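Me: Hi! Could you walk me through this one? I'd like to begin with a single residue and then go on to the chain contact.

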Amino acid sequence: MAEAATQRPDGIAGSSLPGPFPVGAYAKKLQEELRKRARLQLVGEAWNVKRSKARVYFELRDGDGALPCAMWNDAWEKCGVPATAFADGAQVVVAGGPDYYPGSRTSSPGFSFDVSALRIAGEGDLLAQVDRLRRKLDAEGLLEPQRRLPRPVLPRTIGVVTGESGKARDDVLAGLARRGWQGRLVWAFAPVQDRHAAAAITSALQDLAATDQVDVVVVARGGGSLADLFAFCDETLCRTVALLSVPVIASVGHHTDRTLIDDVAAIACSTPTHAAEAAVPLHCSEARLAIGAGAGRLADHARRAVLGRARHLAQLSRAPAQVVTRQRARLHQLLREMRASARRRGLAESGRQLRGNAAALERRAGVARGAGAASRQAKLDALGSALGAHDPERIVARGYAVVDDGEGAVITSAAAARAARRVRLFFSDADVRANIEDP
Amino acid sequence: MSAPEQTYETATSRLEEIIRRLDSGEAELRETLALCKEGRGLVEFCAAELDAVGQGLEELRLDELVARLEAGAARPQDPS
């Protein structure tokens, strides 16, 4: 090898240039020379960002040229730039200097700008610009009008402003399907990223509102860098949204992104799906069930109101007859009790008298029993028979009647009967009441 | 002063109010029947609103809608 290295071939005939030199030595020299160049900062758009285990590679471009850049991973991590912010097209400032990898017999050489530090350029400038505009619109009261607009819970027609080929379109449809909404959807497709985007979106919104057919408008776009989403911070667009008579629901970028249209819209949602759901706050299937249940309850109330009252009226109409029947039964019962009581009182009185008479006779019999007992016995028996003939029950059984004044006092004369006027006649089987008519 | 336009939310709100009143049992017969009649009207309105967004998704582009509206405006006698 060493021998081969020392045996250099002849140069090109006629050329005045020195050499030939070994390429490896020249490559190393070139590396040394490039590394001697002043280190500095460059600005441009990052494109073709790729990451390997050791380094981050990208190209820094602007309208006049481009440089391949490489950055060691530890330097990249020190910068603290969010990976999502460092995407294709991001405006960045890099610090570093040119470098050259000389390569070898088995590896390719390469030129790159060795980046030791990086920051997202313009982000701060853009944010400051957006913030200034936000304060300006706020001072003019333009952050409020959309929020004050009434939003229908069940729109019939929804307008959607979005990119024709973006995923946002599918997400909006998915959100509406979740709500069970199948109304009229009007697509107003517009570019959502380039320098024409803001004007096109503004025009689409104005056209949708001008139809006077749209109940609510969804403006949807997927995620991106602030530069990508900057169209949605356009002053004219935001003023148009603020003054639109139709409520606008914005879903621009991811939930971490905040564009100015979010501030002037009626609602800002994190995803197009959520924006579609916000456009139809009502879940249509559940609403149908609820309305059906409401109709059922109304029918119940109507039926109960009529049937319940009809039942009550029927009860009321039956009440007088029931009262009369109850009173009649009570009267009968009282009558029966009164008759039984009167009968018991009359019989008890008669019994007491009979027992008194019998005792008196017994006493007399005892006195008389001494002399002429037999004749007295005979006389006694005759008296007993006579007494038996006066037993009121037996007398009544023979067809007589006992008369009282209705209160239990026995009436024994026509005068007393006339005085009482109403009397009660006790027969052997029952008693009856009678009125005495004056002759 | 004209009555405000009926919307789905005003209709459902009034329907809930009617059902609360009926549930309270304080409404006499005439009021109950009047409320039931009004409630049935509201149910029909809400059902019609739900039917309007339940017959199948209709997708069209803005220019198609504009063309349709212009055609409708040019032919006001055309019921379609």
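Reply: Happy to. A:Glu277 is found in helix 11 of chain A, which covers residues 272–279. Keep in mind that this is a predicted model.

Me: Is A:Glu277 buried or exposed?

Reply: A:Glu277 counts as buried, because its relative accessibility is 13% and the cut-off for buried is under 20%.

Me: And which residue does the side chain of A:Glu277 make a polar contact with?

Reply: That would be A:Arg178, side chain to side chain, at 3.0 Å.

Me: What else does A:Glu277 touch, leaving out residues up to four places away in sequence?

Reply: A:Gly175 and A:Arg179 are there, along with A:Arg178 again.

Me: Okay, new topic: helix 9 of chain A. Which residues are buried there?

Reply: Helix 9 spans residues 235–243, and its buried residues include A:Leu237, A:Cys238, A:Thr240, A:Val241 and A:Ala242.

Me: What goes on at the start of helix 9 of chain A?

Reply: A:Asp234 points a side-chain oxygen at the backbone nitrogen of A:Thr236, reaching to within 3.1 Å of it.

Me: Nice. Now the two chains: how many residues does each give to the contact?

Reply: Chain A gives 37 residues and chain B gives 37 residues.

Me: How much area do chain A and chain B bury between them?

Reply: About 3,200 Å², with 67% of it on carbon and sulfur atoms. On the chain A side, A:Gln182, A:Ile291 and A:Leu298 lose the most area to chain B, and together they make up 21% of what that side buries.

Me: How many salt bridges and polar pairs are there between chain A and chain B?

Reply: There are three salt bridges between the chains. One of them joins B:Asp23 to A:Arg297, with the closest N and O atoms 2.1 Å apart.

Me: Which elements of chain A give two or more residues to the side that touches chain B?

Reply: Strand 7 (184–189), helix 7 (197–210) and helix 12 (284–368). Helix 12 of chain A supplies the largest share, 13 residues. By class, that side of chain A has 22 nonpolar, seven polar and eight charged residues.

Me: Back to strand 7 of chain A: which strand of chain B is it joined to?

Reply: Strand 1 of chain B, residues 58–61. Four bridges join the two strands, and they run parallel. For example, A:Trp187 has B:Arg61 as its bridge partner.

Note on methods:
Residues numbered from 1 in each chain as written. Chains lettered and ligands numbered in written order. Predicted model: local features only at pLDDT ≥ 70, side-chain atom pairs only at ≥ 80, totals over all residues. Heavy atoms only, no water. Contact = heavy atoms within 4.5 Å. Buried area = accessible area lost by both parts, 1.4 Å probe. Salt bridge = Lys/Arg side-chain N within 4 Å of Asp/Glu carboxyl O. Nonpolar A, V, L, I, M, F, W, Y, C, P; charged D, E, K, R; others polar. Pairing = 2+ DSSP bridges. Buried < 20%, exposed > 50% of the residue type's maximum accessible area, 1.4 Å probe, protein only. Polar contact = N/O pair within 3.5 Å; in protein donor to acceptor, adjacent residues only side chain to side chain.
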